[in-house]
Amino acid sequence: MKSEIILLGHGSRRAEANQGLLEVAEKVSHIMGQTVTPAYMAHDHPSLPEAVQAKISEGALHIVVMPLFLFRGIHVTVDIHEELREIREQHPNVEIIFTKELGADDGIANLAAQRIRGAVNE
């Protein structure tokens, strides 16, 4: 069974900040070889419930939500789980998997080091 993928970002009142999530979703889509739908916790659309509901309306029975958050703050530990709980209650036949946040991963550390080196060597 194919999984639908939602990439969840925080969202910003600044449209150009939200553009970054769209770009990452497009890149992940290319890597994964399937559509990755961006969604926002705040300030833009679709919201997480809107994105999940759209997938369900299209017939999805298996949805993966990946939080594009660095660490386990209040959104990752509480808010998102509350939203997903409500959706699961309304759609018990749909499996929704919530992945781990980005976290203290070597890839993040390497990217940070790259950015620092780039700034120092400019």
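Predicted model: local features only at pLDDT ≥ 70, side-chain atom pairs only at ≥ 80, totals over all residues.
Reader: Why is threonine 37 called buried?

Author: Threonine 37 has a relative accessible area of 16%, and buried means under 20%, so threonine 37 is called buried. Its place is in strand β2, residues 36-40, and, leaving aside residues up to four places away in sequence, threonine 37 touches Ile5, Ile6, Leu7, Ala51 and Lys55.

Reader: Why is leucine 70 called partly exposed?

Author: The relative accessible area of leucine 70 is 40%, and because buried means under 20% and exposed over 50%, with partly exposed in between, leucine 70 is called partly exposed. Leucine 70 is found in the loop between β3 (62-67) and α3 (74-90).

Reader: What makes the nonpolar surface patch of about 270 Å²?

Author: That patch is made by Leu70, Phe71 and Leu102.

Reader: What makes β3 largely enclosed by the rest of the structure?

Author: In β3, 6 of the 6 residues are buried, so the strand is largely enclosed by the rest of the structure. His62, Val64 and Met66 point one way, while Ile63, Val65 and Pro67 point the other way, and all are buried.

Reader: Which face of strand β4 is covered, and which is uncovered?

Author: In strand β4, residues 95-98, the covered face has Ile96 and Phe98, whereas the uncovered face has Glu95 and Ile97.

Reader: How do you know that β3 and β4 pair, and in which sense?

Author: Two strands pair if at least two bridges are found between them, and β3 and β4 have 4 bridges, so they count as paired, in the parallel sense. Histidine 62 has glutamate 95 as its bridge partner in β4, and valine 64 has isoleucine 97 as its bridge partner there. Together with α3, the strands β3 and β4 make a right-handed β-α-β unit.

Reader: How do you know that strand β1 and β3 pair?

Author: Strand β1, residues 4-9, and β3 have 5 bridges in the parallel sense, and because at least two are needed, this too is called a pair. Here isoleucine 5 has valine 64 of β3 as its bridge partner.

Conventions. Residues numbered from 1 in each chain as written. Heavy atoms only, no water. Patch = residues over 30% accessible without salt bridge, like charges linked within 9 Å, V, L, I, M, F, W, Y side chains within 5 Å. Areas by Shrake-Rupley, 256 points an atom, 1.4 Å probe, with all protein chains shown as cover. Salt bridge = Lys/Arg side-chain N within 4 Å of Asp/Glu carboxyl O. Helix = DSSP H or I, 4+ residues; strand = E, 2+ residues; numbered from the N terminus. Buried < 20%, exposed > 50% of the residue type's maximum accessible area, 1.4 Å probe, protein only. Right-handed = clockwise from strand over helix to strand, strands pointing away. Contact = heavy atoms within 4.5 Å.
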